[in-house]
Amino acid sequence: MERLLKKTSIKKAATPHIFRHTHISMLAEAGVDLKTIMQRVGHDDPETTLRIYTHVTEKMRKDANERIRIYFTDILNFNFNTLNTANDPVLQGM
């Protein structure tokens, strides 16, 4: 485990279980559907998978911001590039 951690940017104490969280989050980030993820990791309850194991990654946040920007720009004919998003974590990256 120590050898693997040296190859990552993980600085906190970690166990092999951390890779389970990472694996599930990466599957979600890649757009794998929830039922497939659950089957792959042996979960019966979607609440367990969603609440405990999936984490919003930076890529997921950016992708969501881009989809929102595209969707609402078309609907409202609004230029999101004029917003001051520096102090708003929800709007950052839009």
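User: Why is F72 called partly exposed in this predicted model?

Analyst: F72 has 34% relative accessibility. Buried would need a value under 20% and exposed one over 50%, so F72 counts as partly exposed.

User: What makes the rings of Y71 and F72 an edge-to-face pair?

Analyst: Start with the distance: the ring centres lie 5.1 Å apart, and pairing asks for centres within 6.5 Å. Then the angle: the planes stand at 85°, and over 60 degrees counts as edge-to-face. The pair of Y71 and F72 is therefore edge-to-face. The count of aromatic pairs comes to one.

User: How do you know that H43 is buried?

Analyst: The relative accessibility of H43 is 12%, and buried means under 20%, so H43 counts as buried. H43 lies in the loop between α3 and α4. Leaving aside neighbours within four places in sequence, the contacts of H43 include R20, I24 and Y53.

User: What makes the H43 and T49 side chains a polar contact?

Analyst: Their side chains come to 2.6 Å, and the cut-off for such an N or O pair is within 3.5 Å.

User: Where does the charged end of R20 sit?

Analyst: Over the ring of Y53, 5.2 Å from the ring centre; the limit on that distance is within 6 Å.

User: Which residues make up the largest nonpolar core?

Analyst: Happy to list them: I24, L27, I37, V41 and Y53, five residues in all. Helices α2 and α3 each supply at least two residues of this core. L27, leaving aside neighbours within four places in sequence, is in contact with V32, I37 and R40.

Terms used
Residues numbered from 1 in each chain as written. Predicted model: local features only at pLDDT ≥ 70, side-chain atom pairs only at ≥ 80, totals over all residues. Heavy atoms only, no water. Core = buried A, V, L, I, M, F, W, Y, C linked by side-chain atoms within 4.5 Å. Buried < 20%, exposed > 50% of the residue type's maximum accessible area, 1.4 Å probe, protein only. Helix = DSSP H or I, 4+ residues; strand = E, 2+ residues; numbered from the N terminus. Contact = heavy atoms within 4.5 Å. Polar contact = N/O pair within 3.5 Å; in protein donor to acceptor, adjacent residues only side chain to side chain. Phe/Tyr/Trp six-rings, centres within 6.5 Å; stacked < 30°, edge-to-face > 60°. Lys NZ or Arg CZ within 6 Å of the ring centre and 35° of its normal.
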